[in-house]
Amino acid sequence: MRAAPNPAVTQRLVHYGQAVADAAWGRKTAIYQEAARELGLSVQTVVRRIGEVTVRTAAPRKRRSDAGRSALTAREASVIALDVLEHMRKNGKRLMGIEDAVEELRANGLIRAERVTGDGEVVPLSVSAITAALRKYRLHPDQLLAPAPAIRMASLHPNHCWQIDASRCVMYYLPAQGRDTGLRVADWTDYYGNKPKNVARQVLDSLWRYVVTDHTSGAVFVWYVVGGETGGNLAEVFVQAIHQRGSDPFHGVPRLCMLDPGGANTSPPFMNLCGALRVQVQINRPKNPRAKGQVEKAQDIVERSLESAFKLLRLTTLEQVNAVALQWARWFNATQVHTRHNMTRYEAWMRIAPDQLVIAPGIGLCRELAVSAPETRTVNDFLEVGFRGTAWDVSGVPGVIVGQKLQIVRNAWRPDSAQAVIVDADGRTAYHLLEPKVRGDFGFHAGSAIVGTSYQRHADTPAQRHLARIEMLATGASTAAEAREVRKAMAKGRGPQVLGGAIDPLRRMRDAVIPAYLPRQGTALDVGHPVAQHAAAPAGTDTVEALQRIARRIGRSITREENRFVKARWPDAMPEAQIEALAAQFLRGGPTAADGTDRRLPLRAVGEA
């Protein structure tokens, strides 16, 4: 057993330890030897004991002058990162490492990835140096594949936003084999996924789990179906979720539903149902599961908490499965505290206000609405549309005009009313309630103006308001009444012109450049009439004399090209009318311009293109 240290010896060791720390280079050994002689210890013991009683306060290591710099260029780092990512599978597995990518790119001459030593030698960078450079440039695959920053989303109140998601149960199936309809855990070898024939069985024979969550309270609704993820199954699940189920408080029509993209989630049955119930459907961006992470987590909770009990239960029908699912949901929502609001899910949902809880119509009517698509109707002259054998007043629809086509759907809560589907100023789908036009005993619509007693008119439509503004613009008036008076004066020829006469309808014709055409050479038609055969040929001017007249008219000599052109078409005589046409043609295509360049137009007969 080691004896307790002597305080006097410890004090001397501390003294010598300080002396060693302050000693210059090469003086430490002498201090150790002096301490050994004084204390009667060996040098090795003195060194060890000094280390035990003193605290080492080494100076911080000096930062390298080239710290933070790399011989690998940013472009080479990008090429390496590209090669690694291009060899990655869709499930995220990387088939090529950084070392293999560097060797491949060096072999193809795409990167050099090298450095110059202090002796001037060029050596390739090591894989560790390249990896460090990739991280410095933020181009390492781990950094590039990191998820994008997420934004926390909030909802306003219970039933403001629901999230819906479907998932196939991985263990429990409903085998359809004769009269056997019992649910059981499927044999793994019977449903082995790598066998193509089992793909259809996995979809058609498996149980599919639909989970609905309320974003504000976190309340969960679970419903099981068979036949896969279809629009009909989604509509049926939504109908079951919005109606009250016994003492379960979670029900009502939400304002917004959030779903993943997919054919079933945008199918006509579900979209028609949501349209009739005035539910806004939000389809999230593909490959973005975090957008509805609440329902994704709820899927995991249901699978671990509920479906783990299926193996211990004897369930023979789908109705029994859903009964167990509803029992589990009531227990879970009423007892499990949500960590966000520190309340049970039902406790949080019960804070819903009366105007926020929209009671759904009957299940039968909702199922009927799911299969009724909007119908297109044209607005007539009386601002009415016909729908399901009734005339409906659309005069209150914003922006409606005569002849416009409107989408009309049934109203879920008022069978005696219909709805017009419109797009509001924000680009969202909105629904405008329509009232029927009731006929009286003689077939007149109720509320019609009485002849000789009253006069009624519809409010101006957007087309009428635009037309009035155009009239004021055309007449220069400031009011519609003034524009009408100006139009009356215009009709009598006393008022101003349209736009103050700024429009000249003949301006484009005067400004157009139309080429002059030379006459085409033709062949006279011999009709074979005796009188015509003895009739005198039409008189003409000798070609030489005609050329002389043209030369005098244009004030210059006829060129050789013009002479050949004329004599080729009129070798003997030229019609009198052609003399003026040729003179005009030769004047426009004068021999030279002011700068001395040849500006003659190409000669052509009249009618040539």
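Tutor: In this predicted model, Gly555 is found in the loop that links helix 19 (543–554) with helix 20 (560–569). Is Gly555 buried or exposed? Its relative accessible area is 65%, and because the cut-off for exposed is over 50%, Gly555 counts as exposed. Along the chain, Gly555 and Leu587 are 32 residues apart, yet 9.0 Å separates their C-alpha atoms.

Let us now turn to the interior. In soluble globular proteins, nonpolar side chains tend to be buried together. Here the largest nonpolar core comprises 35 residues, and Trp162, Ile164, Phe221, Phe238, Ile242 and Leu273 have the most contacts inside it. Among the elements that give two or more residues to this core are strand 3 (161–173), strand 6 (220–226), helix 9 (231–242) and helix 10 (268–276). Helix 9 contributes the most, namely seven residues.

Beyond its neighbours within four places in sequence, Ile242 is in contact with Trp162, His251, Gly252, Val253, Pro254, Leu277, Ala360 and Cys366.

Helix 9 also meets helix 10: their axes come within 7 Å and cross at roughly 35°. On the side of helix 9, the contact involves Gly231, Gly232, Leu234, Ala235, Phe238 and Val239, while helix 10 supplies Pro269, Phe270, Leu273 and Cys274. Sorted by class, this contact holds eight nonpolar residues, two polar ones and no charged ones. Phe238 and Leu273, which take part in this helix contact, are also among the residues with the most contacts inside the core.

Note on methods. Residues numbered from 1 in each chain as written. Predicted model: local features only at pLDDT ≥ 70, side-chain atom pairs only at ≥ 80, totals over all residues. Heavy atoms only, no water. Core = buried A, V, L, I, M, F, W, Y, C linked by side-chain atoms within 4.5 Å. Buried < 20%, exposed > 50% of the residue type's maximum accessible area, 1.4 Å probe, protein only. Helix = DSSP H or I, 4+ residues; strand = E, 2+ residues; numbered from the N terminus. Contact = heavy atoms within 4.5 Å. Axes fitted to C-alpha atoms, helices over the stretch in contact; angles between N-to-C directions. Nonpolar A, V, L, I, M, F, W, Y, C, P; charged D, E, K, R; others polar.
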